[in-house]
Amino acid sequence: MQRSLRPAFPKGLTMIGSVMMCASVALFLLGMLGGIVMGIQHDFTLGPAHAHLNLIGGVMLFLFGLYYRLVPGAAAGRLPRIQGGLHIVGAVLFPLGIALSITQGPAYMPVPVVGSLVVTAAVALFGIIVIRTARAEARPLRHPHPTDRRHGPHPASHSQPFHGIVQHSDSSGAGRRQDLRTDSQTHGQGIKG
């Protein structure tokens with residue numbers, strides 16, 4: 001039987017991470033190709049757009065997607081999908097607006113402003129998601145006490161009292177008994193079965 005090399009995450013939890021990482025690679029490749037064209041032409045007028053596309057679209061988007069892949073619980077709910085969608089839109093709109101304002105003039109200046117605000121909102125949402133996830137992971141799991149009658153018996157509780165004697169079996173199936181009581185517990189007492 002062949003095993004899958006993919007981690008066993010619940011379906012859908014890591015989807016936004018995968019989408020963000022794929023979009024990041026596409027935008028990073030676009031930014032790199034733009035940089036190569038600028039280098040060949042010796043014209044670095046669009047350098048700011050190139051830099052923002054690589055940083056916001058390539059690096060930041062990939063890091064966000066990687067976080068969602070490594071911490072699948074952070075990808076739960078609608079907020080990560082909203083954050084990912086906003087960041088992808090902002091990662092395209094911001095550098096495109098910079099390029100338009102450089103090549104077409106100040107009339108296009110609202111485009112990079114809106115793009116930067118969208119990216120800022122996405123980063124703020126990501127901060128909320130990280131804090132929310134960190135708090136959830138830091139919260140200890142509440143287990144009912146074995147004697148708490150409201151929740152039934154504790155799964156680790158035993159129906160018989162423990163007297164300090166345990167039974168072990170070796171590989172041949174032969175059993176041996178071991179006394180786990182301290183000397184103060186066994187002093188003056190015989191070993192009970």
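**Note on helix packing in a predicted model**

1. H2 and H3 are roughly antiparallel to each other (angles over 145 degrees count as roughly antiparallel, under 35 as roughly parallel, 65 to 115 as roughly perpendicular and the rest as oblique). Their axes cross at roughly 170° and come within 8 Å. Axes here are lines fitted to C-alpha atoms, for helices over the stretch in contact, with angles from 0 to 180 degrees between N-to-C directions. Helices are DSSP runs (H or I, at least four residues), numbered from the N terminus.

2. This is a predicted model, in which local features need pLDDT of at least 70 and side-chain atom pairs count only at pLDDT 80 or more, while totals for chains, interfaces and linings use all residues. Residues are numbered from 1 along each chain as its sequence is written, and side-chain values use heavy atoms, with hydrogens and water left out.

3. On the H2 side, the residues that meet H3 include Pro-48, His-52, Ile-56, Phe-64 and Tyr-68; among their partners in H3 are Pro-80, His-87, Phe-94 and Ile-102. Contact means heavy atoms within 4.5 Å. The residues of this contact comprise 16 nonpolar, four polar and no charged (Ala, Val, Leu, Ile, Met, Phe, Trp, Tyr, Cys and Pro count as nonpolar, Asp, Glu, Lys and Arg as charged, and the others, Gly among them, as polar).

4. Helix H1 (residues 15–41) and helix H2 (residues 47–70) have axes that come within 7 Å and cross at roughly 160°, so H1 and H2 are also roughly antiparallel to each other. Their contact residues divide into 16 nonpolar, 12 polar and one charged.

5. H1 and H3 are roughly parallel to each other: the axes cross at roughly 10° and come within 10 Å. Met-15, Val-19 and Leu-27 are among the H1 residues involved, and Arg-81, Gly-84 and Val-92 among those of H3. The count for this contact is 10 nonpolar, two polar and one charged.

6. Four aromatic pairs are found in the whole structure (ring centres of Phe, Tyr and Trp, its six-membered ring, within 6.5 Å; planes under 30 degrees apart are stacked, over 60 edge-to-face, the rest tilted). One of them is tilted: Phe-64 and Phe-126, 4.2 Å centre to centre with 35° between the planes. Phe-64 lies in helix H2 and Phe-126 in helix H4 (residues 110–138), 62 residues apart.

7. Mean pLDDT (the predictor's confidence in each residue, from 0 to 100) is 81 for the chain, and 65% of its residues reach 70 or more. Confidence is highest in helix H3 (residues 79–104), at a mean of 96, and lowest in helix H5 (residues 183–186), at 53. Where pLDDT is low, the predicted coordinates should not be read in detail.

Conventions
Helices (H or I, at least four residues) and strands (E, at least two) are DSSP runs, numbered from the N terminus.
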